[in-house]
Amino acid sequence: MKNSRRRFLQIAGVSALSLGAKPVLNAFAAEGAEGLGYRVTRGEKALSAKQWGMVIDTRKLKTAADIQPMIDACDKAHNIPTAIPDKKQEIKWIWDAPYHNVFTEKVNQFLNEQVENKPFLLLCNHCENPPCVRACPTQATFKRADGIVMMDFHRCIGCRFCMAACPFGARSFNFRDPRPFIKMENKDFPTRTKGVVEKCNFCAERLAVGKMPACVEASNGALAFGDLYDPHSKVRELLKENYTIRRKQNLGTEPSVYYIV
Amino acid sequence: MLELAFKGNKWYWGWIIVLLGTIGIGFGLYQMQLNFGLGITGMSRDVSWGFYIANFTYLVGVAAGGVMVVLPYYLHDYKAYGKITILGEFLAIASLVMCLLLVMVDLGQPMRILNVWLYPTPHSVLFWDTIVLNGYLFLNLIIGWNVLEAERNGVHYQGWLKPLIYISIPWAVSIHTVTAYLYCGLPGRGFWLTAILAPRFLASAFAAGPSLLILLCLFIRRFTNFDPGRQQIQSLAKTVAYAISVNVFFFLCEVFVAFYSTIPEHMGHLQYLFQGLHGKGALVPWMWASLIFMAAGIVLTVIPATRRNEASLAVACVVIILGTWIDKGLGMISGGFVPNPLHEVTEYVPTLPEIGITLGVYAVGALVLTILYKMAVGVKEEVHS
């Protein structure tokens, strides 16, 4: 009697354990995994890379008017709430700033006048060694196999550790419900809720269907996008031919956004 | 033992009602924050941590400070502290309750807090911080409660407590070390990126925690039949004297490194705090006040005459608490965010709702401390009468 009860408990325990382990095993299964009622596959047109990167040819971007279309394209594609009244609490994925703010450690006392006075584009650097990913306590921000530093808006607890960790000021926090401040909603991309962090995602949703990032498309050739580890990619060609700089490379985060000045 | 906290005069109950009222107001304001979002605070894209995290950091220090009575008693057999170790442990419990609440009210999505344990992430310092803080809370609860109960029953505390007590000593150091690591491991935040941050946090903790304990001891002696003892208070005062001196010394080391090397990333933050930067300097008077308070604290605790006089000692404790609170609470956290990574200056000033919510949390801590101390003092009065 006693024995059979113990046996029963053993069996029950093992079955409970295996039930609990199933989602974990599913998570380990690679692409094309089948779960309870869902199936994840790669799109036929999806673009892939070892490390997506960007080259910004700042010679082609001389004025704020040259830059604005890229910012607008991003705002529209990603439901950025551009009408938030308090500028200190605004959301921005891609924006611009003067040279001395962008390249804080490369500010020469005597600088080319044009460089000194024109705006420079800023966005998440999708670092190869991202401090924000290291800091996040829930893996809500994580590095994908193609190098994109992504956010899971549904897992983020809003602790803002990633914002303190990012040395590029690339992250924004939803201090309030962003939805009333979105000018025109794009139904193909999620809106966010209050209390979560967000940032540029290198248009992962567009790459998945074979499209280039929205800002690149709107850039008239000023932005190039491609795989940094493919020697024949567009970005590598540009890097071979031009002298480029990156933001704060002394910090060892290995930014994937290069600037031709 | 809890029944001891339900007996008290009208002053006791009046105090409890005041605290409950403050908690109520804080809770109401928190409902507002939950509804609207953290936009009701003064925090911004550039200064993304503010009053909540600053006070959290300060209170982790107060919690760790309690070890300054536990360590001499258990490791050096300094018998005099036997009377007051419980006060240090209970102060740690109240502080930790406040710390955890301050982290909660700082979250944008507090209902998702369990994600921290659902997806354990050892490469995040915040993950370790939740472990050390909760661990220290439980250690102190178990140790404090059982030792006090043993004292009430007139027996030696249980043998299995001993290892926990020994673990609790380095654990106290760990809570403030890990909390410092939250900041000092971040690239691109020059003000925090310094190996001396954790030692500096500990020095300020060992000044602020025991200062508060001295004030609490003086209060207990005045208003109850339990005397924590003159020798105990004087020993604590010496700890405070060393710790506050070391804290200011560490700070001066930072100033030297920044201004002798003249590296802009390191100077910028100190310049903002003590001189103002780009015409903005909301914290300048506060930071100088903090330095003056801490200097006064050093003078009053190092000179034997003013240390031995309990009136001037009490003044010293008050200025040290204020000085270290401004230093760590106001300066350390917003100072690290200003200037921002783009060298722009966005200032931060907490809003009234933000201060109200923080006060609510402090009231919860005060309530926990009041109940625990009422219990402890009740037991001491029983035993010593």
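The structure is a predicted model, in which local features need pLDDT of at least 70, side-chain atom pairs count only at pLDDT 80 or more, and totals for chains, interfaces and linings use all residues. Residues are numbered from 1 along each chain as its sequence is written, while chains are lettered from A and ligands numbered from 1 in the order in which they are written. Chain B has 14 helices and 0 strands; helices (H or I, at least four residues) and strands (E, at least two) are DSSP runs, numbered from the N terminus.

**Chain B as a whole**

- The radius of gyration of chain B, taken over C-alpha atoms, is 21 Å. This is close to the 21 Å that the globule rule (2.2 Å times the number of residues to the power 0.38) gives for 385 residues, so chain B is as compact as a globular protein of that length.
- Along its principal axes, the C-alpha trace of chain B spans about 65 × 50 × 40 Å.
- Of the 385 residues in chain B, 49% are buried. A residue is buried if 20 or more other C-beta atoms, placed from the backbone, lie within 10 Å of its own, exposed if 12 or fewer, and partly exposed in between.
- Among the contacts in chain B with a separation of 6 or more, 79% come from residues 24 or more positions apart. Two residues are in contact if their C-beta atoms, placed from the backbone, lie within 7 Å.

- Helix H11 of chain B covers residues 284-302, 19 residues in total.
- The buried residues of H11(B) include B:Met287, B:Phe293, B:Ile298 and B:Leu300.
- Helices H9 (230-261), H10 (264-274), H12 (304-308) and H13 (310-337) of chain B are what the buried residues of H11(B) pack against.
- B:Met267 is located in helix H10 of chain B, and it counts as partly exposed because it has 19 C-beta neighbours inside 10 Å.
- Apart from neighbours within four places in sequence, B:Met267 is in contact with B:Ala258, B:Phe259 and B:Thr262.
- B:Met267 and B:Leu300 lie 33 residues apart in sequence and 31 Å apart in space, C-alpha to C-alpha.

**Contact between the chains**

- The contact takes 39 residues from chain A and 31 residues from chain B.
- On the side of chain B that touches chain A, helix H5 (115-118) and helix H6 (125-152) of chain B each supply at least two residues.
- The residues on that side of chain B divide into 13 nonpolar, 14 polar and 4 charged. Ala, Val, Leu, Ile, Met, Phe, Trp, Tyr, Cys and Pro count as nonpolar, Asp, Glu, Lys and Arg as charged, and the others, Gly among them, as polar.

**A sheet in chain A**

- In chain A, 4 strands form an open sheet in the order E8-E1-E10-E9, with mixed pairing. Two strands pair if DSSP finds at least two bridges between them.
- The edge strands are E8 (223-227) and E9 of chain A, each of which pairs on one side only.
- Strand E1 (residues 52-57) and strand E10 (residues 257-260) of chain A pair in the parallel sense over 4 bridges; A:Met54 has A:Val257 in E10(A) as its bridge partner.
- Strand E9 (residues 244-245) of chain A pairs with E10(A) in the antiparallel sense over 2 bridges, and the bridge partner of A:Ile245 is A:Tyr259.

Definitions and conventions: Expected span 1.5 Å × (residues − 1).
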